[in-house]
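Subject: Structure for your files

Hello,

Here is the structure I promised to send over. My notes on it follow below the display.

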Amino acid sequence: MISFTIMAITFGVVFLAELPDKTALAGLMLGTRYRASYVFVGVAAAFAVHVALAIAAGSVLTLLPQRLVQAVVGLLFLAGALILLLKKSDDEEETIKAPTDQSFWKVSGAGFMLILVAEFGDLTQIMTANLAARYDDPVSVGLGAVLALWAVAGIGILGGRTLMKYVPLRLITKVAAGLMLALAGFSLYEALMG
């Protein structure tokens, strides 16, 4: 059974954490050069692979004692919030060899490889694993995470710069960090009181 509450929490945390990430900008760059639908297919497939790996890692964590898992998850959320708050704004772009033609396989393959490499071990992948461990509902967490990542990819590919004109990146980062701090507090409270 799918929990829409867990899906919504996961969507919000992952969406806000991914928006200021450089992969959204990389998707934007690919989307301006190549057919957006081709880029999205490759990027979406790579994000699905990353979410599956994160869910598997989070599911392994549920085999450990619950208090230990809550403490670890709380500390990881706290670390994620600190990373967002303390991270310097960087304009570095991921480099990838541009496809020589506009065929579906070349363009979607370029998008897939870019995200697969750039997102491995990324904050949102770690947060997805944490949420999977916290809620012990891999389907709801997985759906929320993949939909959030796809939404950010779509926004990035179709018009991330427009969004950033109206919503400051610093505000998005602070909201994401605040959500992670709240989740860290809940997890650490459960670890201490459970």
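**Contacts and overall make-up**

Of the contacts in the protein with a separation of 6 or more, 91% are between residues 24 or more positions apart. Please keep in mind that this is a predicted model.

The protein has eight helices and zero strands, so the order of elements from the N terminus is simply α-α-α-α-α-α-α-α. Of its 194 residues, 44% are buried.

**Helices α3 and α5**

I looked at one helix pair in detail. Helix α3 covers residues 36-61 and helix α5 covers residues 104-118; their axes lie 7 Å apart, at an angle of about 35 degrees. The crossing of α3 past α5 is right-handed. On the α3 side the contact is made by Y38, V39, V41, G42, V43, A45, A46, F47, V49 and H50. From α5 come F104, V107, S108, G111, F112, I115 and L116. By type, the residues of this contact are 13 nonpolar and four polar, with no charged ones.

**H50**

Is H50 buried or exposed? Its relative accessibility is 3%, and because the cut-off for buried is under 20%, H50 counts as buried. Leaving out residues up to four places away in sequence, H50 touches I115, L116, E119, F120 and Q125. Of these, I115 and L116 are also among the α5 residues listed for the helix contact.

Regards

Terms used. Residues numbered from 1 in each chain as written. Predicted model: local features only at pLDDT ≥ 70, side-chain atom pairs only at ≥ 80, totals over all residues. Heavy atoms only, no water. Axes fitted to C-alpha atoms, helices over the stretch in contact; angles between N-to-C directions. Helix = DSSP H or I, 4+ residues; strand = E, 2+ residues; numbered from the N terminus. Left-handed = near helix turned anticlockwise from the far one by under 90°. Contact = heavy atoms within 4.5 Å. Nonpolar A, V, L, I, M, F, W, Y, C, P; charged D, E, K, R; others polar. Buried < 20%, exposed > 50% of the residue type's maximum accessible area, 1.4 Å probe, protein only.
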